[in-house]
Amino acid sequence: QVQLVESGGGVVQAGGSLRLSCTASGTFLSILVMGWYREAAGKQRELVASITASNRRSYTDSVKGRFTISRDIHKDTMYLEMNSLKPEDTAVYYCNARLDHDVGYQDYWGQGTQVTVSS
């Protein structure tokens, strides 16, 4: 059974920083892609950043230059370093991972972690 466990959310003032972590556990062959999504109140869930097995990274425009995604392949863990946070970054952040199994790949979601940025 695969689980994605997130940590690192919290409340921070505008201009502050937070670091989110997401660790995959269970049985799988490899991690193909990992990403962070966020869902603000009344809005659709959006992709914030993603990182592939080959370390290719992508970001949504609103976080470019402020957020950095990275991963530790030995720990099956992904990080999101968030700097210069703005109130509009307030949302529940979800970890997503596409994992390779011997019968194909499957997508998994973490439970979500709240990030609140006060003005």
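**Exercise 1.** Is glycine 10 buried, partly exposed or exposed?

*Solution.* Start with the basis: this is a predicted model, in which local features need pLDDT of at least 70 and side-chain atom pairs count only at pLDDT 80 or more, while totals for chains, interfaces and linings use all residues. Residues are numbered from 1 along each chain as its sequence is written, and side-chain values use heavy atoms, with hydrogens and water left out.

Step 1. The classes are set by relative accessible area: buried is under 20%, exposed is over 50%, and partly exposed lies in between (1.4 Å probe, protein chains only).
Step 2. Glycine 10 has a relative accessible area of 22%, so it is partly exposed.

**Exercise 2.** Describe the overall architecture of the protein chain.

*Solution.* Step 1. The protein chain contains eleven strands and zero helices.
Step 1. Its radius of gyration is 14 Å, close to the 14 Å from the globule rule for 119 residues, so the protein chain is as compact as a globular protein of that length. The radius is taken over C-alpha atoms, and the rule is 2.2 Å times the number of residues to the power 0.38.
Step 2. Buried residues account for 39% of the 119 residues.

**Exercise 3.** Which residues have the most contacts inside the largest nonpolar core?

*Solution.* Step 1. A nonpolar core is a set of buried Ala, Val, Leu, Ile, Met, Phe, Trp, Tyr and Cys residues joined through side-chain atoms within 4.5 Å.
Step 1. The largest one has 29 residues, and Trp36, Leu80, Met82 and Tyr93 have the most contacts inside it.
Step 2. Strands that each supply at least two residues of this core include E4 (30-39), E8 (77-82) and E9 (91-101). The largest share, five residues, comes from E9.

**Exercise 4.** Find where asparagine 55 and serine 84 lie, and state their phi angles.

*Solution.* Step 1. Asparagine 55 sits in the loop between E5 and strand E6 (57-59), with a positive phi of about 75° although it is not a glycine.
Step 1. Serine 84 sits in the loop between E8 and E9; its phi is positive, about 50°, and it is not a glycine either.

Notes
Helix = DSSP H or I, 4+ residues; strand = E, 2+ residues; numbered from the N terminus.
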